[in-house]
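Have the sequence and the model open as you read.

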Amino acid sequence: MDILLSSAIFIAVFVVLLVIFTRSAGDADRKHELLRRMVPNEDEGEEADITRKQLSEEGTLLKALYRLNIFRALEKSMWQAGIYMLLSEMLLIILLMFVAGFALGKLFWGDQLIAAGTGVGAASLPIVYIRLRRKRRLAAFLQQLPYALDLMKTSLEAGHTLNRGLQVVVQEFADPLAGEFRNVVEQTRIGLPLPRALEELLKRMPVEDLRLLVVAVKVQSQVGSSLAQIIGRLSEIVRTRQRLRLQIRTLTAQARMSGIIVGLLPVVVLGVFSLMQPSYTGVLFHDPTGLKILKSAIVMDAAALFTIRRLLRLDY
């Protein structure tokens, strides 16, 4: 009976996720996705009236919950990751994953706390996917940025305007840089000033190297200067920062790998012993004292991984 119930839950989760992703990936929604990417925040005043209001198609309850920073941060992370489904759809996915994880934990271990832990772990998978996709997308954008700056500098030195330089960048580069700069060009066409459009780009792609470009264009629009020289110097600075970033990753690679090995080693050893000698580890999953030891070990292991991650994070 429990196996049938778990199978039914998994089938229901799979069908709902398939419907949501199919609905979100249609070509007819491309225009809607583009508008969502061009949206300024609501708290920026009346200038946001040129685009849609956020969550205008959502329910009243979700609008109230959206005022919490966690929901705004989730939707912002989805945009930055290039995922343009509705926030309510993502929350539904997270809820279904929690239900499926809880059912699995209850089926295999029969403990409420462990089942809740597996439910939370399953519910965190969509968030982990968003973070990984966001990280890859930002990294790809950052890798393209110096070459785009070189092209913009060449275009300005040839006598073109900055808007024309941005159009050339859109034509010559691939996503994600081309798509994001295409949004900037479209925003300027509907009347948004270029410095403001670049500020909106910075919100969608929050990389520090892009902030330098936004500041340079904003200052140039106010006081005037040779923008081609500024962008050329900025390209050199971005490349220097990228080399510094790679050097930091190289110097911290051993410590990061040590943290991963130390964190995964208990899990691997437990899995190996569970397969080779199930009687050795059975007490951890079926005895009340063993369950307490297992819970404590999971908490301490997670705390150790978090601590190592924080120690290796460098701001520069």
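Gln-80 counts as buried because its relative accessibility is 4%; buried means under 20% relative accessible area, exposed over 50%, and partly exposed in between, with a 1.4 Å probe and protein chains only. This is a predicted model, so local features need pLDDT of at least 70 and side-chain atom pairs count only at pLDDT 80 or more, while totals for chains, interfaces and linings use all residues. Residues are numbered from 1 along each chain as its sequence is written, and side-chain values use heavy atoms, with hydrogens and water left out.

Gln-80 sits in helix H4; helices here are DSSP runs (H or I, at least four residues), numbered from the N terminus. Its side chain makes a polar contact of 2.4 Å with that of Arg-134, meaning a pair of N or O atoms within 3.5 Å, where, within protein, one must be able to donate a hydrogen and the other to accept it, and residues adjacent in sequence count only if both atoms are side-chain atoms. Setting aside residues up to four places away in sequence, Gln-80 touches Arg-134, Arg-137, Lys-203, Arg-204 and Pro-206, with contact meaning heavy atoms within 4.5 Å.

Compare Ser-88, which lies in helix H5 and, at 28% relative accessibility, counts as partly exposed.

| Residue | Helix | Relative accessibility |
|---|---|---|
| Gln-80 | H4 (residues 69-80) | 4% |
| Ser-88 | H5 (residues 87-108) | 28% |

Ser-88 and Glu-75 are 13 residues apart in sequence, and their C-alpha atoms are 9.7 Å apart in space.

Now for the cores. A nonpolar core is a set of buried Ala, Val, Leu, Ile, Met, Phe, Trp, Tyr and Cys residues joined through side-chain atoms within 4.5 Å. The largest has 33 residues, and those touching the most other members are Leu-149, Met-152, Leu-162, Phe-181, Leu-210, Leu-213 and Ile-231. Two or more residues come from each of helix H6 (112-157), H7, H8, helix H9 (194-204), helix H10 (208-223) and helix H11 (227-251). H6 gives the largest share, 8 residues. Which residues does Leu-213 meet, leaving aside its neighbours within four places in sequence? Leu-213 is in contact with Leu-149, Met-152, Phe-181, Ile-231 and Leu-234. Apart from this core lies another, of 14 residues, including Ala-81, Ile-94, Ala-123 and Ile-130.
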